[in-house]
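Please open the model in your viewer and keep the selection panel at hand. The tour moves from one selection to the next, and at each stop it says what is there.

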Amino acid sequence: MPMLEVNNIHTYYGNIHALKGVSLKVEQGEIVSLIGGNGAGKTTTLRTISGALKPREGNIIFEGEDLGKRKPHQIVHKGIAMVPEGRRIFARMTVMENLEMGAYIRKDKKKIAEDLEWVFELLPRLKERRKQVGGTLSGGEQQMLATARALMTRPRLLLMDEPSMGLAPVLVEAIFDTIVRINKEGTTLLLVEQNALMALSVANRGYVLETGDIVMHDTGEALKKNEKVQKAYLGVE
Amino acid sequence: MQNKYTDWKQALRSGLLGGAIIVLLSLIGIVTAFNKTFIITKVLTFGELLLLGPIIVFSFVAIRKAATKSPGFLLLTGAIAGLASGLVLIALVGVGQLINLRAMFVNASDDLYAIYSYNQTLFFGMILRLAVSGLTGLMTAGFFRLPARIKQALGQALLYIIMMGLMSKLIGTVIASWGFVSLLFEWMFARSGLSIVGAVVIFLLVGGLTYWRYGRPKARLVRDPKKQQLVRWGTLGGLGILILLLPSILGMWFSEILDNVGLFILMGLGLNIVVGFAGLLDLGYVAFYAIGAYTIGVLTSPELGFFNMTFWQAFPFAILVAVAAGILLGLPILKMRGDYLAIVTLGFGEIIRLLALSDWLKPWLGGTQGIQRIAKPVIGIGNFSIQLESQQQLYYLILAGIVIVAFIAIRLRDSRLGRTWMALREDEDVAVAMGINHVATKLTAFAMGAIFSGIGGTIFAAKLGSIYPSSFMFLVSINILSLIIVGGMGSIPGVFVGALALMGLPEVLREFAEYRYLFYGAALVAMMLAKPEGLWPEARHKLELHEAEAPPPQESEPAATSA
């Protein structure tokens, strides 16, 4: 049984039909990348899974349970965390307070302290800056903080929306290194990216989304070699 | 040479600007109105101060810009600026002689010109005015060149004389209530303003003290922590005693002001939770104030005769009704943000006021006539009970309310719930993505805010003994919001400072008669320009705005994890 199963979901913004029957699966322990151009519906898909948007049709099954009736904050309790697009950290809270907010739903202080150590080991820059106010961090540090904050909820499935957006190439590499490490240490990831090359390189499998519909699905490597994908998303002639 | 030329122009421009300000103050009538208000009796009127003050300010600006130049040049700059201001005044008088300015400016009167020319003949008087203006600029330059220590002492002394002179009537009222002690201070004040002896004494006292303190080495501040702790507790204790004695020291009139300020602190602490902590812009906050007041009214007034409860019997019901109203308002607007939320809450505030005003509810709420004979709170048991009636007695009830509410507010701010409110304020979507139930969180914010405001309303009703719909206008909501902004959004001490500044200032400014709100407005603009983050901002907000000035983060502390 897959960890997450999205079955034929249709999501609307008012009258606009944004997702036209998206189906995808994420297996335990995988990295799955969802690529596509602007307005293809990548973020909408993630927002529907996290419960911020409700699909009019179709269902989302996580670990055997239908998430359809769940409120967004309840879905977090189920074990799905989201790193939102554009590094939306709590700008007026310190790094430490941001991370504490991440552990909001958890009660076991000892476990929280352990995870904090783990997150700091994963992203040592944050430890240096832990008393700094979030809004004063650099773009890359803010992305790290947003990721670390989501990890503090101890998710089994982590949704990441455009983690490389607006970052310098060096930082993009660093972020993807972190993604791979997070995955190796046991967190399943569903990744939405415009940087298709990086996203497919780290992914076990990939989905290509076009105007609200999945048009292609294969392993990451295979998609990278696919001619159509190369032309449309990798800039290879 | 080019450089020198621009300095000249700078001096001239500053002088002309100062002159223009004086003309403006004159034409709106302030100078004439305060020509008989003495700061130092028979020596300096407030009107004359208004004619000289701008010159001092603007020539100072010009001098400071040329600070690196030779002393002679600085003196020249001051003189030019002063003379330029004087020329503007002469120009006004000249124009006034040629054409009838009074058709447009009522205050461009012969009285004004007489003040300008020191009651001399016009020609001689204007020469005198020019000389005084130039001399003022020159003296400002001289002042600028003084050694820092003397400058500090002189500046402080003059500032104190002006402030005490302006406030002499208020200070007089306070002192008059001290009985025989007042005799000790009588010689300091004349019928209007300070007496000459009083001014000299203040000058020597403040100047001397400042001079002495300036000379003390700063190293004394670092001492052993035990002694420091003692000093801190001593200061706190002293402050506490002062606060307790305040009504007796300041008398009736000031106690009334303190009561009003206190009520606004109560409500400010509540709205600070809604707006400052949780970031929900509520423009209808007066509604809960009204609900608290009307609940007490309906339950206690024998005039309506429904329940005839005592104040304390009715009090819990008032809080319950306020909470219910908070949740009732919260429910329909959960999905709204920012501007939309503000508009809807504004509507809610008006609905409550209009309900109180309506004929429909008149048998219950009294309509325009309001509710009279509301019960006063009684404290104590049996023969030892006392009914709180006077301003001075109610002060202690309000003080107790503030202490309790401030304590709760501080505890809430540092709690898990407080952190949740802040997360909601920063980014609602992300807060939800952390697993925060935003519905419950928003409703608790509204409910807490409603409780604090409701408490304010009950005391307000008991204080006046009667309430009318007109007491609960939209302006009250705006005032509370403004005091939070002036004090510093989300800051608890800021609420106190903001309430004192916003509610206390207009009362203290009564001396300025019909120009009170002009000075009040100017003071508000100046405050917001000088401290946009508020007078006493929340630490994290300050951290964000002034990151560059903050010390570098320390590394040694162990990681804290409790959320």
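## A loop in chain B

Begin by selecting Lys42(B), which sits in the loop between strand E1 (38-40) and strand E2 (44-45) of chain B. As this is a predicted model, what you see here is a computed arrangement. Is Lys42(B) buried or exposed? With 11 other C-beta atoms within 10 Å, Lys42(B) is exposed, because a residue counts as exposed when 12 or fewer such atoms lie within that distance. Its phi is near 65°, a positive value in a residue other than glycine. Most residues other than glycine have a negative phi.

Now widen the selection to the whole of chain B, where the domain assignment gives domain 1 (1-145) and domain 2 (252-474). The C-alpha centres of domain 1 and domain 2 of chain B lie 51 Å apart.

## Chain A as a whole

Select chain A next, and colour it by secondary structure, which comes to 10 helices and 10 strands. The radius of gyration of chain A is 17 Å, close to the 18 Å that the globule rule gives for 237 residues, so chain A is as compact as a globular protein of that length. Its C-alpha atoms fill a box of roughly 45 × 45 × 35 Å along the principal axes, and buried residues make up 49% of its 237 residues.

## The sheet of chain A

Hide the rest and show the open sheet of 6 strands in chain A, whose order is E6-E7-E8-E3-E9-E10 and whose pairing is mixed. Which strands stand at the edges? They are strand E6 (80-83) and E10 of chain A, each of which has a single partner strand, so one side of each is left without a neighbour in the sheet. On average, neighbouring strands of this sheet are turned by 15° against each other, if direction is ignored.

Within the sheet, pick out strand E7 (residues 157-161) and strand E8 (residues 188-193) of chain A, which run parallel and are joined by 5 bridges. To see one pairing, select Leu158(A), whose bridge partner in E8(A) is Leu189(A).

Bring back two helices. Helix H6 (residues 139-151) of chain A lies across E6 and E7 of chain A, and runs at about 170° to E6(A). H7(A) lies across strand E3 (31-35), E7 and E8 of chain A, and runs at about 155° to E8(A).

Then move to Thr211(A), in the loop between strand E9 (205-210) and strand E10 (213-219) of chain A. Thr211(A) is partly exposed, with 14 other C-beta atoms within 10 Å, and its phi is near 35°, a positive value in a residue other than glycine.

## Where the parts touch

Colour chain A by its two domains, domain 1 (1-79 + 155-237) and domain 2 (87-153). Their contact takes 12 residues from domain 1 of chain A and 10 residues from domain 2 of chain A. On the domain 1 side, helix H2 (72-78) and helix H7 (169-184) of chain A are the elements that give two or more residues, and H7(A) gives the most, with 5 residues.

Finally, show both chains together, and select their contact, which takes 30 residues from chain A and 23 residues from chain B. On the side of chain A, H2, helix H3 (95-102) and helix H4 (109-122) each supply at least two residues. The residues of that side divide into 16 nonpolar, 8 polar and 6 charged.

Notes. Residues are numbered from 1 along each chain as its sequence is written. Chains are lettered from A and ligands numbered from 1 in the order in which they are written. This is a predicted model: local features need pLDDT of at least 70, side-chain atom pairs count only at pLDDT 80 or more; totals for chains, interfaces and linings use all residues. Domain bounds come from an automatic or database domain assignment. Two residues are in contact if their C-beta atoms, placed from the backbone, lie within 7 Å. Helices (H or I, at least four residues) and strands (E, at least two) are DSSP runs, numbered from the N terminus. Ala, Val, Leu, Ile, Met, Phe, Trp, Tyr, Cys and Pro count as nonpolar, Asp, Glu, Lys and Arg as charged, and the others, Gly among them, as polar. The radius of gyration is taken over C-alpha atoms; the globule rule is 2.2 Å times the number of residues to the power 0.38. A residue is buried if 20 or more other C-beta atoms lie within 10 Å of its own, exposed if 12 or fewer, and partly exposed in between; C-beta atoms are placed from the backbone. Two strands pair if DSSP finds at least two bridges between them. Axes are lines fitted to C-alpha atoms, for helices over the stretch in contact, and angles run from 0 to 180 degrees between N-to-C directions.
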